[in-house]
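Here is a short report on salt bridges. Look over the sequence and the model first.

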Amino acid sequence: MSRIGRKPVEIKKGVTVEIQNGKIKVKGPKGELIQPYDSRINIKVENGQVVLTRTSDEKEVRALHGLYRALIQNMIVGVTEGYTKKLEIIGVGYRAELKGKGLQLALGFSHPIFFIPPKDVKIEVPAPTNIVVSGIDKQLVGQVAAKIRSFRPPEPYNGKGIRYEGEQIIRKAGKTAGK
(Lines give C-alpha, C1' and ligand atoms only; values in the text may rest on other atoms or scores of the structure.)
Protein backbone atom coordinates (compact mmCIF):
# COMPACT_ATOMS: atom_id res chain seq x y z
CA MET A 1 0.00 0.00 0.00
CA SER A 2 0.98 3.62 -0.47
CA ARG A 3 2.72 4.92 2.62
CA ILE A 4 1.08 8.31 2.22
CA GLY A 5 -2.35 6.97 1.22
CA ARG A 6 -2.43 4.55 4.14
CA LYS A 7 -2.31 7.33 6.76
CA PRO A 8 -5.78 8.55 7.76
CA VAL A 9 -6.48 12.29 7.52
CA GLU A 10 -7.52 13.90 10.81
CA ILE A 11 -10.62 16.08 10.54
CA LYS A 12 -10.00 19.25 12.56
CA LYS A 13 -12.57 20.83 14.85
CA GLY A 14 -15.12 22.93 12.95
CA VAL A 15 -14.60 21.05 9.66
CA THR A 16 -17.22 18.84 8.00
CA VAL A 17 -16.41 16.32 5.28
CA GLU A 18 -19.13 14.95 3.00
CA ILE A 19 -18.76 12.31 0.27
CA GLN A 20 -21.41 12.08 -2.44
CA ASN A 21 -21.65 11.34 -6.18
CA GLY A 22 -17.91 10.93 -6.73
CA LYS A 23 -17.07 14.25 -5.02
CA ILE A 24 -15.66 15.11 -1.63
CA LYS A 25 -16.84 18.34 -0.02
CA VAL A 26 -14.89 19.95 2.82
CA LYS A 27 -16.50 22.84 4.72
CA GLY A 28 -14.72 24.91 7.35
CA PRO A 29 -14.58 28.35 8.94
CA LYS A 30 -12.80 29.94 5.93
CA GLY A 31 -14.94 28.43 3.18
CA GLU A 32 -15.82 25.33 1.21
CA LEU A 33 -13.84 23.21 -1.29
CA ILE A 34 -15.10 20.46 -3.61
CA GLN A 35 -12.85 17.85 -5.26
CA PRO A 36 -13.98 15.06 -7.60
CA TYR A 37 -12.21 11.74 -7.07
CA ASP A 38 -11.57 8.57 -9.05
CA SER A 39 -14.01 5.67 -8.55
CA ARG A 40 -11.06 3.28 -8.05
CA ILE A 41 -10.41 4.93 -4.66
CA ASN A 42 -12.81 4.32 -1.76
CA ILE A 43 -13.16 7.19 0.72
CA LYS A 44 -14.89 6.79 4.10
CA VAL A 45 -15.36 9.17 7.04
CA GLU A 46 -15.11 7.33 10.37
CA ASN A 47 -14.15 8.30 13.93
CA GLY A 48 -13.20 11.87 12.99
CA GLN A 49 -10.86 10.68 10.23
CA VAL A 50 -10.95 10.29 6.47
CA VAL A 51 -9.74 6.82 5.45
CA LEU A 52 -8.77 5.99 1.86
CA THR A 53 -8.50 2.50 0.37
CA ARG A 54 -7.97 1.38 -3.20
CA THR A 55 -9.78 -1.24 -5.24
CA SER A 56 -6.76 -2.75 -7.03
CA ASP A 57 -2.97 -2.81 -6.88
CA GLU A 58 -2.28 -1.32 -10.33
CA LYS A 59 0.48 1.28 -10.58
CA GLU A 60 -1.88 4.12 -11.55
CA VAL A 61 -4.31 3.32 -8.72
CA ARG A 62 -1.43 3.22 -6.20
CA ALA A 63 -0.40 6.71 -7.36
CA LEU A 64 -3.97 8.02 -7.07
CA HIS A 65 -4.21 6.63 -3.52
CA GLY A 66 -1.48 8.94 -2.22
CA LEU A 67 -2.62 11.82 -4.44
CA TYR A 68 -6.17 11.94 -3.11
CA ARG A 69 -5.00 11.62 0.47
CA ALA A 70 -2.70 14.64 -0.02
CA LEU A 71 -5.47 16.61 -1.78
CA ILE A 72 -7.91 15.95 1.09
CA GLN A 73 -5.27 16.96 3.65
CA ASN A 74 -4.63 20.21 1.72
CA MET A 75 -8.37 20.91 1.58
CA ILE A 76 -8.75 20.51 5.36
CA VAL A 77 -5.75 22.77 6.05
CA GLY A 78 -7.06 25.28 3.49
CA VAL A 79 -10.51 25.69 5.04
CA THR A 80 -9.07 26.05 8.56
CA GLU A 81 -5.80 28.01 8.15
CA GLY A 82 -5.58 28.98 4.46
CA TYR A 83 -2.46 29.31 2.30
CA THR A 84 -0.25 32.30 1.48
CA LYS A 85 2.59 32.91 -0.97
CA LYS A 86 4.79 35.97 -0.64
CA LEU A 87 6.53 37.60 -3.60
CA GLU A 88 9.30 40.20 -3.66
CA ILE A 89 9.95 42.68 -6.45
CA ILE A 90 13.61 43.56 -7.01
CA GLY A 91 14.63 46.34 -9.41
CA VAL A 92 14.85 50.10 -9.68
CA GLY A 93 11.40 51.51 -10.51
CA TYR A 94 9.69 48.11 -10.19
CA ARG A 95 6.60 48.32 -7.99
CA ALA A 96 3.10 46.97 -7.41
CA GLU A 97 -0.13 48.59 -6.28
CA LEU A 98 -3.76 47.59 -5.94
CA LYS A 99 -6.18 49.32 -8.32
CA GLY A 100 -9.76 48.35 -7.57
CA LYS A 101 -9.95 44.53 -7.63
CA GLY A 102 -6.78 44.16 -9.70
CA LEU A 103 -3.04 44.39 -9.27
CA GLN A 104 -1.08 46.93 -11.30
CA LEU A 105 2.61 46.15 -11.82
CA ALA A 106 5.30 48.52 -13.12
CA LEU A 107 8.09 46.17 -14.22
CA GLY A 108 10.22 48.21 -16.60
CA PHE A 109 8.07 47.65 -19.66
CA SER A 110 6.66 50.54 -21.73
CA HIS A 111 3.26 49.86 -20.16
CA PRO A 112 1.97 48.77 -16.74
CA ILE A 113 0.67 45.22 -16.36
CA PHE A 114 -2.83 44.87 -14.91
CA PHE A 115 -3.69 41.48 -13.37
CA ILE A 116 -7.15 40.54 -12.09
CA PRO A 117 -7.00 37.54 -9.71
CA PRO A 118 -9.68 34.81 -9.52
CA LYS A 119 -12.48 35.52 -7.04
CA ASP A 120 -11.25 32.92 -4.50
CA VAL A 121 -7.78 34.50 -4.22
CA LYS A 122 -6.96 37.63 -2.23
CA ILE A 123 -3.98 39.82 -3.16
CA GLU A 124 -2.42 42.33 -0.76
CA VAL A 125 0.40 44.82 -1.31
CA PRO A 126 1.84 45.70 2.13
CA ALA A 127 4.74 47.58 0.48
CA PRO A 128 5.32 48.61 -3.16
CA THR A 129 7.90 45.82 -3.50
CA ASN A 130 5.98 43.06 -1.70
CA ILE A 131 2.94 41.06 -2.82
CA VAL A 132 1.00 38.59 -0.66
CA VAL A 133 -1.27 36.06 -2.40
CA SER A 134 -3.66 34.17 -0.09
CA GLY A 135 -6.67 31.86 -0.29
CA ILE A 136 -8.07 28.49 0.77
CA ASP A 137 -7.17 26.50 -2.37
CA LYS A 138 -3.46 25.58 -2.29
CA GLN A 139 -3.23 24.90 -6.02
CA LEU A 140 -4.97 28.14 -7.01
CA VAL A 141 -2.81 30.26 -4.67
CA GLY A 142 0.35 28.70 -6.10
CA GLN A 143 -0.89 29.12 -9.67
CA VAL A 144 -1.71 32.83 -9.19
CA ALA A 145 1.67 33.46 -7.52
CA ALA A 146 3.44 31.68 -10.40
CA LYS A 147 1.47 33.75 -12.94
CA ILE A 148 2.48 37.02 -11.24
CA ARG A 149 6.11 35.83 -11.10
CA SER A 150 5.99 34.96 -14.82
CA PHE A 151 5.43 38.64 -15.77
CA ARG A 152 9.11 39.35 -14.94
CA PRO A 153 10.99 36.28 -13.63
CA PRO A 154 14.29 37.01 -11.89
CA GLU A 155 17.15 37.27 -14.34
CA PRO A 156 20.54 35.71 -13.49
CA TYR A 157 22.83 38.72 -14.15
CA ASN A 158 21.43 41.51 -11.96
CA GLY A 159 18.79 39.49 -10.07
CA LYS A 160 16.03 41.92 -11.08
CA GLY A 161 12.45 40.66 -11.34
CA ILE A 162 9.73 39.06 -9.21
CA ARG A 163 10.77 36.21 -6.93
CA TYR A 164 9.25 34.16 -4.14
CA GLU A 165 10.22 35.29 -0.64
CA GLY A 166 13.45 33.54 0.32
CA GLU A 167 14.11 32.22 -3.22
CA GLN A 168 17.81 32.00 -4.06
CA ILE A 169 18.77 33.17 -7.54
CA ILE A 170 21.98 31.70 -8.91
CA ARG A 171 23.89 34.65 -10.33
CA LYS A 172 26.03 34.44 -13.47
CA ALA A 173 29.19 36.39 -14.06
CA GLY A 174 28.78 39.07 -16.69
CA LYS A 175 31.15 39.74 -19.56
CA THR A 176 34.74 40.21 -18.49
CA ALA A 177 36.99 43.01 -19.71
CA GLY A 178 39.24 42.49 -22.75
CA LYS A 179 42.69 40.89 -22.58
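The side chains of R54 and D57 meet in a salt bridge, 2.8 Å from N to O. The term means a side-chain nitrogen of Lys or Arg within 4 Å of a carboxyl oxygen of Asp or Glu. R54 is buried at 14% relative accessible area. D57 is exposed at 52%. Buried stands for under 20% relative accessible area, exposed for over 50%, and partly exposed for the range in between (1.4 Å probe, protein chains only).

This is a predicted model, where local features need pLDDT of at least 70, side-chain atom pairs count only at pLDDT 80 or more, and totals for chains, interfaces and linings use all residues. Residues are numbered from 1 along each chain as its sequence is written, and side-chain values use heavy atoms, with hydrogens and water left out.

The structure holds eight salt bridges. Among them are these:

| Pair | Closest N and O atoms |
|---|---|
| R40 and D38 | 3.0 Å |
| E60 and R40 | 3.3 Å |

The E60 and R40 pair links distant parts of the chain, 20 residues apart. E60 sits in helix α2 (residues 59–80). R40 lies in the loop between β4 (31–36) and β5 (41–46). Helices (H or I, at least four residues) and strands (E, at least two) are DSSP runs, numbered from the N terminus.

D38, R40 and E60 are linked in a network of salt bridges. How exposed is R40? R40 counts as partly exposed, at 24% relative accessibility. E60 is also partly exposed, with a relative accessible area of 48%.
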